[in-house]
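Here are my notes for your next look at this model. I have put them as numbered points so that you can follow along in the viewer.

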Amino acid sequence: MRIGFALPQYGAMAQHLDQVAHFAQTAEELGADSLWVGDRVLAAVDPTVGYEGTDTIPWQMNALLDPFVALSVAATATERALLGTSALVAPWYSPLLLARSLSGVDVVSRGRLVPGLGTGWSPEEYQGTGVPWKERGARLDECLDVLEAVWTTDPVEQHEGTHYSFPAAHIGPKPVQRPRPRIYLSGFTPASRRRAARRGSGILPAAALYPGYRFDPAATVSGPLEHVRKMAAEKGHDPADIDAILRINPTPESSVEAVVDVILRTRQETDVNHVFVDFAYLADRSVDQALELAQKTLELTR
């Protein structure tokens, strides 16, 4: 099983963003198989939609390093680890610029990009980026169209979409991965799962280890994956080509042992072979603390 970790991008580690390269290089040396980033632009003081069903947004999200900066630093500091996004909020970006940034990471890393895209959950962030909240699904669909065209054809045909347009053009560089990187799609709504079955290479389920939480591999991982695979088969796609990468979010009250339990049960009770852990809430002192937690996790699961 591949085991990865989120880069020090937010939370207490946002005070030490100059150590992203140190974290990436050391985590890879410890045996990490992948390194990950998330995507935020603001944390509303009075959100209309809070985080994880609450009416607030945790202070750890008040500052966040740009995901492409973090990925670029990690790409140059490592040789082997995959570089993932879980998840970029694709509707915030011009698809052409998103394609360019993701292609750049794949080229610089020599083909290690694992792009994960989603629509996010904060209306205020859409307000801040100037993108209508109600258009998020349609914009993600059009973004997927543009990524496919830009990454797989040359010249790229003229695009006249609902939200974006551009002339026939040469657009490069292309990603190292051929025909293109596998695109993972996040989201838990029926519409998100239909999109994943129709357009994605995989899904990004998540386990948030709140006090009292009991990890259920079937409900969190196997059930959603099988549902998406079934819908993919109905659309004529090979269900075996769709997989999942599980994100594990320990809270300040969690422990490495709880993380390890989720990893081991995922390995034993599902066919998912890639997980990653985000220690942003548990590592409340330093980047080195996060590395110590990563090391212990790897030692207990290998």
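1. Start with α1 (residues 20-30) and α9 (residues 287-301). From α1, His-22, Phe-23, Thr-26, Ala-27 and Leu-30 meet Val-287, Asp-288, Ala-290, Leu-291, Gln-295 and Leu-298 of α9 (contact means heavy atoms within 4.5 Å). The residues of this contact comprise seven nonpolar, three polar and one charged. Here Ala, Val, Leu, Ile, Met, Phe, Trp, Tyr, Cys and Pro count as nonpolar, Asp, Glu, Lys and Arg as charged, and the others, Gly among them, as polar. Helices (H or I, at least four residues) and strands (E, at least two) are DSSP runs, numbered from the N terminus.

2. A word on what you are looking at: this is a predicted model, in which local features need pLDDT of at least 70 and side-chain atom pairs count only at pLDDT 80 or more, while totals for chains, interfaces and linings use all residues. Residues are numbered from 1 along each chain as its sequence is written, and side-chain values use heavy atoms, with hydrogens and water left out.

3. How do the axes of α1 and α9 cross? They come within 10 Å of each other at roughly 15 degrees, so the two helices are roughly parallel (angles under 35 degrees count as roughly parallel, over 145 as roughly antiparallel, 65 to 115 as roughly perpendicular and the rest as oblique). Axes are lines fitted to C-alpha atoms, for helices over the stretch in contact, and angles run from 0 to 180 degrees between N-to-C directions.

4. Helix α1 also meets α2, with axes that come within 8 Å and cross at roughly 45 degrees. That makes α1 oblique to α2. Val-20, Ala-21, Ala-24 and Gln-25 of α1 make the contact with Ala-70, Val-73, Ala-74 and Ala-77 of α2. By class, these residues are seven nonpolar, one polar and no charged.

5. The largest nonpolar core has 75 residues, and Phe-5, Leu-7, Phe-23, Leu-35, Leu-117, Ile-248 and Phe-279 touch the most other members. Its largest share, seven residues, comes from helix α5 (residues 136-152). A nonpolar core is a set of buried Ala, Val, Leu, Ile, Met, Phe, Trp, Tyr and Cys residues joined through side-chain atoms within 4.5 Å. Buried means under 20% relative accessible area, exposed over 50%, partly exposed in between (1.4 Å probe, protein chains only).

6. Is Thr-48 buried or exposed? At 60% relative accessibility, Thr-48 counts as exposed. Thr-48 lies in the loop between β2 (34-37) and α2 (67-77) and touches Pro-123 and Glu-124, not counting residues up to four places away in sequence.

7. Finally, please check some backbone details. Most residues other than glycine have a negative phi, and most peptide bonds are trans. The Ser-86 to Ala-87 peptide bond is cis, with omega near -5 degrees, and a cis bond also joins Arg-178 and Pro-179, with omega about 0 degrees. Glu-52 has a positive phi of about 55 degrees, and Arg-110 has one of about 60 degrees.
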